[in-house]
Amino acid sequence: KNKVDPFGAVVNGLIHHMEGVAHPPPPPPIWGAELDHPELGPKIALAAEEAMKSIKADWGPVFVYGPMLLPAVWGELIGRVPEMAPAKIFGFLRRGLICSPEAALVEEETSLAVGQVVYGLLPWERKLVDVMMEDTFTMTKGFVRLIEDEEQQDLDVTLYLWREDFMDGVTDEDWSIETFEEDWMDQYLDMCRDMRRQKKMEAMADEELKEATLTGRRLQKVEEDELQDD
């Protein structure tokens, strides 16, 4: 049998330990460290740039013809009045709705409806518009013509049409801005204000979650640094 040298075993153990201290394994990735990686860094930067473009992107013009015609509504909903231009759409008729502040746009081949084209809405602003529209509307694409356009070219827009399943809620009269201001304005502005406040609260919750995640990763880095110093 081979004899075991206790002293040699201790020495070898110490040497192995010192090598581990001199050349410790790389620490696990921490938040932001990936940006210094020669391959991952540029990819992460590009992805972040594309994400910011998406956040600030304009999803295209929207044709409105009811309460959204009023600047006060936009002010309460998104905190600003976007750029707008008068326009007309052929093959549709605007009508009022029973017990609703909204206007309905229904198909009628020989008619036209007048409204406004809204430009430059950010994605979160467009989402607020979507929320304000009831389930009785459907979002679709269409063509309008700007009233001040001398060439009268078709402009591709997003618009909201009244669903055929709810035609019994449509009146025989045009939607009236005067009736809206007298009977619905205050209630509608309150609803816009509430929607905007809710959107802000959701954004704050997202920021708090992000900050909590970053804080946790910073604490992890501090603990790892302290362990390495020990």
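Are Trp175 and Phe180 buried or exposed? Both are buried (under 20% relative accessible area; exposed is over 50%, partly exposed in between; 1.4 Å probe, protein chains only). This is a predicted model, in which local features need pLDDT of at least 70, side-chain atom pairs count only at pLDDT 80 or more, and totals for chains, interfaces and linings use all residues. Residues are numbered from 1 along each chain as its sequence is written, and side-chain values use heavy atoms, leaving out hydrogens and water.

**View 1. The largest nonpolar core has 42 residues.** A nonpolar core is a set of buried Ala, Val, Leu, Ile, Met, Phe, Trp, Tyr and Cys residues joined through side-chain atoms within 4.5 Å. Phe63, Met68, Trp74, Leu77, Ile89 and Leu105 have the most contacts inside it. Strand 3 (103-119) is among the contributing elements and gives the most, 7 residues. Helices (H or I, at least four residues) and strands (E, at least two) are DSSP runs, numbered from the N terminus.

**View 2. Strand 2 and strand 3 pair in the antiparallel sense over 13 bridges.** Pairing requires at least two DSSP bridges between the strands. Arg94 stands opposite Leu105 in strand 3. In the hairpin, Cys99 takes a positive phi near 55 degrees.

**View 3. Phe137 and Trp162 form an edge-to-face pair.** Ring centres of Phe, Tyr and Trp (its six-membered ring) must lie within 6.5 Å; planes under 30 degrees apart are stacked, over 60 edge-to-face, the rest tilted. Here the values are 5.1 Å and 80 degrees. Phe137 lies in strand 4 and Trp162 in strand 5, so the pair ties together parts 25 residues apart in sequence.
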